[in-house]
Amino acid sequence: MDETVAKFIEMGFSMEMIGRAIEETGGENPEPMMILETLFKLSTSSEASSSKSKVIDELIGMGFSEELVIKAIQEHGEKNLEEITNALLSYAEAEKMHETENEDINNNYLSDDNDDTNLYSGLSSSDEENELNSFHGDGRLQDLIKMGYPRKEASIALERCGEIASLAEVVDFIFAAQMARQLDEFWAAPDEQEVLRINEPPPRRRRLNTDIASDDELIRLPNPMIGFGVPKEPGIITERPVPIPSIARGPPYFYYENVAMTPKGVWAKMSSHLYDIKPEFVDSLYFCAAARKRGYIHNLPIKNRFEIQPTPHYTIQEEFPLTKKWWPAWDKRTKLNCVLTCIASAQLTNKIRKRLEKHERDPAVQKDVVDQCKKWNLVWVGKNKAAPLEPYEMERLLGFPNNHTRGISRKDRYKSLGNSFQVDTVAYHLSVLKPLYPKGINVLSLFTGIGGGEVALHRLQIPMKLVVSVEISEVNRNIFRSFWEQTNQRGDLIEFRDVEELDDHKIEGLMDQYGGFDLVIGGSPCNNLAGANRVSRTGLEGDQSSLFYDYCRILEAVRSKASRMRRRDRYKSLGNSFQVKLKETMFLLRPRRLILLEFTPPLPLPSTDTTQLLHNAFCSKIENFKNKVFDELTTKDEKVLEIGIGTGPNMRYFAARNVNVTLLGLDPNPKMKKYARKAAVRAGLNPKNFRFMQGVGEAIPLEDGSVDAVVATLVLCTVSDVTQTLNEIKRVLRPGGRFIFLEHVAAEDGSLFRRLQKLLDPLQQILADGCHLTRNTRECILEAGFSGGAQIETVSMYSFPWVTRPHIYGVAYK
DNA sequence: GGTAACATGAATCTTTCA
DNA sequence: TGAAAGATTCATGTTACC
């Protein structure tokens, strides 16, 4: 009995409640199941009849202010939870509008001139209505950015909400996503939570219009440009002055680089798109004999950095000793300027030689020559002979191996080197990864160039288990591949030409295959940012430099997927026991009424009475329902495809209809294979008749008309493209074949439940591996064009989580 | 057709000086 | 402190040459 009580405590019930439940159940040794039922009863009723403070606490925990919660309870009574929630949502909406108005007033007040740069200034209510109504077309993203939302959040919201969404809906989505992120942080592992609590900066929901950044918002370059400190200078710090926002902390790490001297406002914009992390500006002249002013936005730790050995020479004369003999005393340079992509002409060398032969002692001539030498980075290679650096000399300055770029044209060598990292500088920053990844690292390298980041990791002796490289220049790809081969790398190198090839699906596939990325490194093109560009220095929106947004897109996809993988692994590391899952579920649910619609633990259940009872209690109630769905299958269905087979929770339903069925299981996650196979064996299916296929519903790897039936239970809520998935299902079905389905769908338009679904949709997508709450799957199926029509029933039942209802089930005929 | 040489500017930051 | 001058800058487009 003590063990049973302990289990109930572990599930989250209080001792007091368990005592009451045992008492009410009666008898000296009541059945655990009976106690459990009483506990649920008590739990549910206690939610409604508990003290006011408990209700307040819970609503505050949902993100509402204490003041509003009390107001709502006073107005609607503490027992009417639905009315209270409805009222709170209305209050929150009104408060948000009020907040917006205040910000507008403040913006106008703070604005020096009342021109049109502020979108809100002078807007009447009808103007606002017009704006809400006219929120369509290509300018939607820009509108949101002008309103102050980060581009990343805005573009995700637009993508998820769809073309016809109103401004209010998209803004609601962003707001809900912010809430979801905060909840996500709540669910972070204990060690992550500890980090989150320290120096948490207040979240910024809205920003000023940054198209024309004010002076306060500009990021100014530091002087000296030493970032968080450099080895040979005093002032190294080990804690960031401005902490990394919680959303960006922890692995996978990222490291973004670009030129320091950009048009005004560019770094502020890049920072705002990379989690508001303040850039670290470093001039490579503190590492080598040439300047290279760069900004780095990264979430790496900064403590215990170290230099790679051997360290480069610190002055021109030490790096290139042969120049000492010819170096005139009046040229005081010890450092070179930035290595650029172009070099001086041979004609300039000739001109300088001729002038010096005639006027060597003329200070004016000397100054002019030094100016030219600085401008073109010339070094003295003979008497009165100042010449540009050779490519191999640039390689040395930049920390690359000798002849790293050999084998391509001289011009391409200069171009590639001029665009590369300074390896020693980057390696200093990346050195903190060495103790973190002693067994190696998985790298996603965007805009790889000639592989400066990878050379740094190699010189740090951090094994690269995997490098996924994206580089558009064939010349650069060849250089990098050559480096990979010459250094006998043992890891896998996967190359992409264009960042656009790397969509979310590919990223997730790679992460599933290799267990995720540890580092996303890259510097997007600076062509439209660089000071040396006199033709098209058009800023971050320029043709090439706008690829920065692809870096952000890909990084976000990687971190989002990693977050889901981490959560999944966390469940596993905790034993993936039913109790753990249930405890989390019960915490989320208010009131505590639930039925698990589809849950089969990936690992065998612990054989305790309580967990088994719980499992039985939840699953028995849905069994009848699922049986009805699967009754559509007959022994004539010899070859059946199940989309999203997961761990195989439906195996017994298949086995009950046709034990000899040939079952094809499709799932994007290859790790599901072993669980699905075990489930098939447990259900009594012949393992030889079961085939697992890794893939997605949008691209089913089967021939046309090759299966008798397709089954999908709770899958269309998760796929990226419902219409495409349905088209694929039609394609692989034989004529007369049937699509059998069970899905949860959006609640009725305009209902409170629908509003809650809309609010919780982003959270659900994060917690439930991309599951959408607001899909109109019924309409999609009806419009999919199944030639034999479709029969669809709608039911409303309690489910897990409770917002995933109502449900539809039925069959569509090809 | 491919490569190399050559001519071209302005934004931004830094330094100087009144 | 602010204006002015000086210094620096992951470049581009055209032409010449092989």
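These questions and answers concern a predicted model, its DNA strand C and one lysine. Local features need pLDDT of at least 70, side-chain atom pairs count only at pLDDT 80 or more, and totals for chains, interfaces and linings use all residues. Residues are numbered from 1 along each chain as its sequence is written, chains are lettered from A and ligands numbered from 1 in the order in which they are written, and side-chain values use heavy atoms, with hydrogens and water left out.

Student: How many residues surround DNA strand C?
Tutor: A residue is near a strand if one of its heavy atoms lies within 4 Å of it. The closest include Arg294 and Asn419. The number of residues surrounding DNA strand C is 25.

Student: Which backbone atom lies 2.9 Å from a base oxygen of DNA strand C?
Tutor: A polar contact is a pair of N or O atoms within 3.5 Å; within protein, one must be able to donate a hydrogen and the other to accept it, and residues adjacent in sequence count only if both atoms are side-chain atoms. At 2.9 Å, the atom is a backbone N or O of Gly531.

Student: Is Lys561 buried or exposed?
Tutor: Buried means under 20% relative accessible area, exposed over 50%, partly exposed in between (1.4 Å probe, protein chains only). Lys561 has 6% relative accessibility, so Lys561 counts as buried.

Student: Which residues is Lys561 in contact with, leaving aside its neighbours within four places in sequence?
Tutor: Contact means heavy atoms within 4.5 Å. With those neighbours left aside, the residues are Glu508, Met511 and Asp512.

Key: Helices (H or I, at least four residues) and strands (E, at least two) are DSSP runs, numbered from the N terminus.
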